[in-house]
Amino acid sequence: VKEGGSRVPQLIDNPGILRTAFSSAGLTANCSIAHPMPQSGRYVVLVGKQERSVASVLLEVSESDGEKQATVDVFAMENTGRTQALNTPSQSCTIRKGGYLLLCASQGQGSYYVTVSDRTGQKQLWDSRKLADGDLYSLLPIVPGVYSVTNDISRSSATMEVPFRHHAADRTAKRPVYVKCGPAGFAPAHWITQGVQPVVIACALTSSISIALQKATADRRSKEQRLAEEHQHLVEAVARLKKPSSRQ
Amino acid sequence: MSDVTLKVSEKTFGEVFNKLWPAFKAPFSGDGSWAGLWGAVEGQFHIVQAGDVEFNDANTFTASEIDLQWDKLIFKIGIDIPTIKIGKFCLLPTPDFLKDFFGSDDCLVEFPGGQLFTAVPDPYVKFNLSAIFQYIITEITIISKVKMQFTTEPPPDSNYWGIYLDLVALHVEPIQIQDTLGQSTLLLIAAIDAAVQYIYSILPATFVIDVLLGIVGFPTLSEFILNILDIQESVEEWLTKWLNIPIGIDQLIYQKLFDAVLSDTALYKIDDPVTLLTELTPSDPTNYGGFGPSGADGTMPAVVTLAKVTANVLQPAVTFTSHEMMVTFDFAK
């Protein structure tokens, strides 16, 4: 972006970073759904968007061969699917029995769902809009605040807090926060993320998870204060630079 | 021996050189990359004068200590904020009872990771060097012959032989910044402050900066930018290196001066034909010996036209001695 240019400046092009609402019924960027495949066989995976199938994936679950997981990027599948008939698979993959089908959207603002059917495509076995026992729903919340977390089917609820980060010390936890969504509700019922930390919700019953920001945490410093702090840090940092070498 | 010999002293030649040659302003721009960063300059300068003009034995003259004055010099360096990736993380560890089946890997299901910041526009840190113009030392030397060239002009202007520079050598030293008062450091602070303000102004929310800083591991955006600039030495040495090496400002100045020499105006002009006597019309004959009125009735005033006297220039030449420039030519008979 050139100074004074006509383009609207935009520091980030990942809309997921500013997302304040998440739903397992609509898979978006910075979220994923993992579904176990316990039975061997051939399956048809259909990627849907706005009640319309946009791409298909052929998934083979083997008794002994294949990977532990098949990753399907629904955004990429939609793009590939635009150029070919729906009955032509955009991707084929093989996993071992007991492995997982991992669904994610690498980018874009779309909201997707996925169904798994038998090899004929006639018998639907699973729909991502209704998570089953053993499914994992993960998300990466960034916007600081307090969120409500609800299983819309069992009506159980929990709260999640994403703190405002003021210092570089508490960043980027490697391990996600693990939460169980079972018949007794969410466990834990309240959790706090640390840094940029993913949250993984393991479903132990039929679930549809909705997460929404209830109260944003405001920066307790004004922009002027922040700029003043920036300036002070800069002056101190520049003072640490080398002095000009002596001249003759 | 030539019909005409004109001699111009070294001092007079230097005064003419200093009067005519600095008349142009030279805007220029250039860019370059260094250590993964992109930098660019926009500038304009003009020549004030040559400190010393000397005639040489080799039929050339040397103009040294040419004083260059900056009208504008802005240096920009792009802040290439890197694409930041959220790494892979384990969604589901492998249960112990499945490790034999799936292998010893501890993770059964892994999130493949993704990009958190992508296609970041690259704001830049802009240094307006006007505050340190007086500390930027530029040494320029020209060694030149002069040449005569005939130019045809539409009437009423006369055709002429012009004496132009005929460049033998042009030398521009890499610039030096001798900032004795530490103004460069203040420039750096002002430039980064402005860049920080700009980035804050385009962000949807300030927490995004904290997320970014958390990932890159810096307490403030200004320190992050300072780190990107990678100033290993003093600010003035860093600026000097940037301007001289990747930008090649001496070459940019050289090119502008070279172009100016090629398109320069004549230092001296000799009309061709040379007017020896201008036309006088009408002239009162009484001024030339006393003729009375003429004509049949004696009423017509006596007038006479003195024709213009000109001579074409032949074999013009210009040479230097150690103290004089000599222009010689003959008249056509």
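This is a predicted model: local features need pLDDT of at least 70, side-chain atom pairs count only at pLDDT 80 or more; totals for chains, interfaces and linings use all residues.
**View 1. Two aromatic pairs in chain B.** Rings of Phe, Tyr and Trp (its six-membered ring) pair if their centres lie within 6.5 Å; planes under 30 degrees apart are stacked, over 60 edge-to-face, and the rest tilted. By that rule there are 18 aromatic pairs over all chains. B:Trp34 and B:Trp242 have ring centres 5.5 Å apart and planes at 75°, so they go down as edge-to-face. B:Trp34 sits in strand β2 (residues 25-34) of chain B and B:Trp242 in helix α6 (residues 235-244) of chain B, so the pair ties together parts 208 residues apart in sequence. Helices (H or I, at least four residues) and strands (E, at least two) are DSSP runs, numbered from the N terminus. B:Trp34 is partly exposed at 27% relative accessibility, while B:Trp242 is buried at 1%. Buried means under 20% relative accessible area, exposed over 50%, and partly exposed in between (1.4 Å probe, protein chains only). B:Phe218 and B:Phe224 make a tilted pair, 5.6 Å centre to centre with 45° between the planes.

**View 2. Helix α1 of chain A and its buried side.** In α1(A) (residues 74-81), A:Val74, A:Phe75, A:Met77, A:Glu78 and A:Gly81 are buried. They span an arc of only 165° around the axis, which puts them on the same side of the helix; the arc is that of the directions from the helix axis to the C-beta atoms. At the start of α1(A), a side-chain oxygen of A:Asp73 comes to within 3.1 Å of the backbone nitrogen of A:Phe75.

**View 3. The largest nonpolar core.** Such a core is a set of buried Ala, Val, Leu, Ile, Met, Phe, Trp, Tyr and Cys residues joined through side-chain atoms within 4.5 Å. Of the 143 residues in the largest one, A:Ile201, B:Phe75, B:Phe127 and B:Met325 touch the most other members. Helix α3 (residues 183-202) of chain B gives the largest share, nine residues.

**View 4. A hairpin in chain B.** Strands β19 (residues 313-320) and β20 (residues 324-331) of chain B run antiparallel, joined by six bridges. Three residues lie between them in the hairpin, and B:Ala317 has B:Thr328 as its bridge partner.

Note on methods. Residues are numbered from 1 along each chain as its sequence is written. Chains are lettered from A and ligands numbered from 1 in the order in which they are written. Side-chain values use heavy atoms; hydrogens and water are left out. A polar contact is a pair of N or O atoms within 3.5 Å; within protein, one must be able to donate a hydrogen and the other to accept it, and residues adjacent in sequence count only if both atoms are side-chain atoms. Two strands pair if DSSP finds at least two bridges between them.
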